[in-house]
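Welcome! Please take a moment with the sequence and the 3D view, and then let us walk through them together.

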Amino acid sequence: MTEDEPRQAPGRATFRAVADEVRAHIKAGRYAPGAKLPTEGELADEIGTNRGTAAQALRLLSSEGLINKSRKGAFVHRIVNKITRDSTSRYVRARREAGQARGAFEAEIRELGMTPTSVTSTHHTRPPAWVADLLGVDAGSVSTLARARRMLADDVPVQLATSYLPLEIAEGTRLEEVDTGPGGSISRLAELGHAQATITENIEVRTPTPEEVEALDMAEDQRVFEIAHIGRTEDGRAVEVTVHVLPSHLWRLSYTWPLGPTH
């Protein structure tokens, strides 16, 4: 190691120290979002290491989702700071409808100073068996309305979401339209007499499917959060099940709830 090489803790691989330094430069804005990084050789000379170590460092940062590598070189990802998904407040009606937002995603992305867009399609479908069981509908027949969305922030794909709604509730209503209006489907369900009183979210971390890799512009070795969201009315009936798929390197999940008295 030369005097210019990054200092590291005993036993710590040199490429990780190099990755730390590049990551710090990105976070500090020296390498701006979307900017092309120096080549492996240039980076090695700049930091004071060898090309092989620089290449390992860039592979690590790519697996983290902080940079994108292609034949044209390595580029800083256009979203450097993670998006916080505050599941405690995102479904409150006033927040979902703020500024005529079309639901929780649009509202939260606007709050972060980014521009949200969604590509939405709707269709009648047979639901997965576990969804049918929750909604109390027939898994063997076309019994749900599916609302499938590819969601972007500043033109970067950041989420896939498919909502399943009982067809007996949704058919012939605004829920079948691409634009459901301010507040999204939750507000339209409430207007139809199916206001959601409780929400359950089950979360798993997994590898993405090939279709998700393509739709979310990910690498195959990255991970996604899969959130199964279930909305229930006051009497306990599930009226909406949504499967959210989010790249874990772009999102942070946040939950807050009050604690009752302890005994």
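A word to start with: a residue is called buried when its relative accessible area is under 20%, exposed when it is over 50%, and partly exposed in between, using a 1.4 Å probe and protein chains only. Helices (H or I, at least four residues) and strands (E, at least two) are DSSP runs, numbered from the N terminus. What you are looking at is a predicted model, in which local features need pLDDT of at least 70 and side-chain atom pairs count only at pLDDT 80 or more, while totals for chains, interfaces and linings use all residues. Residues are numbered from 1 along each chain as its sequence is written, and side-chain values use heavy atoms, with hydrogens and water left out.

With those words in hand, look at helix H5, which covers residues 104-111. Six of its eight residues are buried, so H5 is largely enclosed by the rest of the structure. The buried ones are Ala-104, Phe-105, Glu-106, Ala-107, Glu-108 and Ile-109. After H5 comes Gly-113, which has a positive phi near 80 degrees.

Now step back to the whole chain. Its secondary structure comes to nine helices and ten strands, and its C-alpha atoms fill a box of roughly 70 × 50 × 35 Å along the principal axes. Of the 263 residues, 47% are buried. Contact here means heavy atoms within 4.5 Å. Among the contacts with a separation of 6 or more, 59% are between residues 24 or more positions apart. For a sense of distance, Gly-183 and Arg-16 are 167 residues apart in sequence and 44 Å apart in space, C-alpha to C-alpha. Gly-183 itself sits in the loop between helix H7 (167-170) and helix H8 (184-191), and it counts as buried because its relative accessible area is 2%.

Next, follow the charged side chains. A salt bridge is a side-chain nitrogen of Lys or Arg within 4 Å of a carboxyl oxygen of Asp or Glu, and by this rule the count comes to twelve. Arg-51, at 56%, counts as exposed.

Another salt bridge joins Arg-85 and Glu-201, at 3.0 Å from N to O. Arg-85 lies in strand E3 (residues 83-86) and Glu-201 in strand E7 (residues 196-206), so the pair ties together parts that are 116 residues apart in sequence. Arg-85 is buried, with a relative accessibility of 0%, and Glu-201 is buried at 17%.

Which charged residue is buried yet has no salt bridge? Arg-147 is such a residue, and it lies in strand E5 (residues 144-153). With Lys and Arg counted as positive, Asp and Glu as negative, and His and the chain ends not counted, the nearest side chain of opposite charge is that of Asp-179, 6.9 Å away. The side chain of Arg-147 does reach the backbone oxygen of Glu-177 at 2.6 Å and that of Val-178 at 3.1 Å. Leaving aside residues up to four places away in sequence, Arg-147 touches a set of residues including Thr-120, Ser-121, Ala-161, Leu-165 and Leu-175.

The accessible surface, from the Shrake-Rupley method with a 1.4 Å probe and only the protein chains shown counting as cover for residues, comes to about 13,700 Å² for the chain, with 49% belonging to carbon and sulfur atoms. Ile-203, Tyr-255, Trp-257 and Leu-259 make a nonpolar surface patch of about 480 Å². Patches are made of residues with over 30% relative accessible area and no salt bridge; like charges are joined within 9 Å, and nonpolar side chains (Val, Leu, Ile, Met, Phe, Trp, Tyr) within 5 Å. Trp-257 lies in the segment after strand E10 (251-254), and it counts as exposed because its relative accessibility is 59%.

Notes. Polar contact = N/O pair within 3.5 Å; in protein donor to acceptor, adjacent residues only side chain to side chain.
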